[in-house]
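Work through the exercises below with the sequence and the 3D structure at hand. Each task is followed by a solution in steps.

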Amino acid sequence: MTSIFFFLLSVLFFIISSSDSEAAIVFPLTKNIINSTSHYYSTKIQVGTPSTTINLFLEIGVQLTSFTCDDTGYDSSTYRFINCNTKKCGRFLGPNQLSGGCLQCASPKPWPHCSNQTCALAFGDTGGLSEDFFKLKTTSSSSSNLLQNSPRRLPFACLNSDFTIGFMNRLPLGTKGSLGLGKNPFSFVAELSSAFNLPKKYAFCIPSNTKSTGNVFIGGAPHNLSANLLRTPLVINPISSVNELVLPDTTSEEYFIGVKSIKIDNKRVVNFDTSLLSINATDGVGGTTLSSSVPYAVLHSSIYKAVVSDFVKRAATRNITRVAAVKPFGACFSTKGVHWTRAGPRVPTIDLELEGKNKSVNWRIHGANSMVGVNENVMCLGFVDGGFEPRTSIVIGGIQLEDNLLDNMAYSSSYFLITILSTLLFIISSSHSEAAIVFPLTKNIINSTSHYYSTKIQVGTPSTTINLLLEIGVQLTSFTCDDTGYDSSTYRFVNCNTKKCGRFLGPNQSSGGCLQCDFLKPWPHCSNQTCALSFGVIGGLSEDFFKLKTTSSSSNLLQNSPRRLPFVCLTSDFTNVYMNRLPLGTKGSLGLGKNPFSLVAELSSAFNLPKKYAFCIPSNTESTGNVFIGGAPHNLSANLVRTPLLINPISSFYEIVLPYTTSEEYFIGVKSIKIDNKRVVNFDTSLLSINATDGVGGTTLSSSVPYAVLHSSIYKAVVSDFVDMAATRNITRVAAVKPFGACFSTKGVRWTRAGPGVPTIDLELEGKNKSVNWRIHGANSMVGVNKNVICLGFVDGGLEPRTSIVIGGIQLEDNLLEFDLTTSTLGFTSSLLVKDTS
């Protein structure tokens, strides 16, 4: 599974109503592979003065964030220890901590500023309770790349790297401690929530692959997802299991839930002692917990054997062949003949029947969260035998949590909220389960006012990895073949003067039609019979096999395209307008234009997918977005607002390369612009229409332009009205920072999850029966150039631009957009409207 679910969360993250717009603290999550059957999840924190960056293991069932202070370079002038035998010490350790209470700094490796008066963990030389300032990312930051200091020192445990108790033995190589998110009322979550005045809850979405980034959100899940939340009580285990040695005689900080039964393909598993599903009040044994530190579900032997037995039988009815087991798994299967969907391999479903408020609720586990692809031929059931004497009967592990949004309300209510985004896409109807092709997207910063978005492709035999600029308004994927190391045995050129060549270039391509390989820099296997672009020296139409990630693949496996796909081999030293647009480090562009023979159309045809695609562009460099060829998840259709895609009869980008063709860009019909619900009137509204003769005017979307670019008269009118409305909010205008024309002080600006609380900008668009609104809030209208200044992310395009309004990258970030080439419509999430804010 890919990171689609995290980005659907990102899409919806900025769309909540202003009454529900408190900020959240964000910790990025990554998946780290140890080997084909083992992995872990980690995050990074910055702590102290000067700040030290420390890699931490994610442990949701541990109270304290902890790290080794003696081998991480941590030497902070703002470090403070928590004094032993004080109320603060007792508050964390409870009345029954082991004797001593004070740290023994003379132990093998004391850290800087270590004191024997430090409140000690366990035996006095393990580590001590400490406090310091953290640098944190919040959704209210004025820039996606700015961190802010915590308003007060936050507690954590300084550990000694030499101690050998159970805690440190759990840490994977490369991590120096753990981000503890347990449910103790004085936990790290509680302290952060108190310091930032946030709800005492958190949400997380763990990525399913190493290329994507997940997040922990202290403050909880986006409020407008409430309709998708299933609720089950968090159950108290009176005896701590994880922290017996470190914090003894305390109730467990782990998250236990009440599993009432297990079903395979809707049939209840019965051959085990169901009393194992309950927690023994005397010793805390039994029950079901969630764990981010265990890679796969671990079951009591009797439960495991019953589940595996029933799963294997149900798999057999689907003609899924069992093969030799691969440790640590006990049930493995051949991938041959298995149907793949967006929910992963189509294997028997596993349902956990959970306690609900008035009735039971189901946590359904599909193939994406039940199966582990150990290689391209074998997949295994991601459940492990925990023996006959485990402390906990069922531990739901990392793979079961991946690509799911979970909201842990450990304090303000006793309910665990499950937003199973992996099933959001599939649980509604199995008829909507076709796969999608995935291209990961990253944001790349050039400087404080410029950026671009890119992806990587793998093409040829042997495969060559090439970094490409994302260009949604370009028909063909293109890259330089002479300086990328591309030398493929499966390369084929498209012959000039053939129907296939004409199909791509149209009847009016420039004279010649055949490539001149002896001019400039030919690439390996270049032929003078290649179908040429423009004047015969720029590049030629080519075909090769691509290695592609699909939502039906195992999370780390790529598959070859079923046939060669078209692209353009370019020469690296031509100097026309096309190559001048490429940022340093990119070698071409991923073209997603709307021509019927575009890459989108070719991929859709090759994989039998709907002729449409969706994308969500990340707003920061730490996250990963995605392009999905095949479209957005079907059951999000209720959240998509639709507007027609308009045809511009004259190509604008490709006058030189592909002249005399209709534009491949995506134009939409903007009817008016409003600032804080007041229409902008001081410009010629005819600029909003496309001139049928020369293609000038109108509104298009662009992923290669970082900010919206407006015709001067529109720009001046928008800026004037925006500045006036900002003044009514006591937002102070300051000196402009190029390329922007309107900048403001951040002082006194209210920050929300939707970004800075600035005037809203509405684009009134054509709809099917009535107009629809694309509302742009501060997160998509403002650019934080530094911590003191934000600028309106709209740029003056002059008095003679070819297109009157170009909606740029920042306006598209963290929004889900779907381009349907069959119906010629653009769908965008209702989140762009931010309902109930006006």
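**Exercise 1.** Find the partner of cysteine 332 and state which hand the disulfide has.

Step 1. A disulfide is a pair of cysteine sulfur atoms within 2.5 Å. The sulfur atoms of cysteine 332 and cysteine 380 are 2.0 Å apart, and a disulfide joins the two.
Step 2. The torsion about this S-S bond is about 100 degrees, so the disulfide is right-handed.
Step 3. Cysteine 332 lies in strand E21 (residues 332-334) and cysteine 380 in strand E27 (residues 378-381), so parts 48 residues apart in sequence are tied together. Strands (E, at least two residues) and helices (H or I, at least four) are DSSP runs, numbered from the N terminus.

The model is predicted: local features need pLDDT of at least 70, side-chain atom pairs count only at pLDDT 80 or more, and totals for chains, interfaces and linings use all residues. Residues are numbered from 1 along each chain as its sequence is written, and side-chain values use heavy atoms, with hydrogens and water left out.

**Exercise 2.** Determine the hand of the disulfide between cysteine 481 and cysteine 569, and whether each cysteine is buried or exposed.

Step 1. The sulfur atoms of cysteine 481 and cysteine 569 are 2.0 Å apart and form a disulfide.
Step 2. Its torsion is about -90 degrees, so the disulfide is left-handed.
Step 3. Cysteine 481 counts as buried at 1% relative accessibility, and cysteine 569 at 0%.

Notes. Buried < 20%, exposed > 50% of the residue type's maximum accessible area, 1.4 Å probe, protein only.
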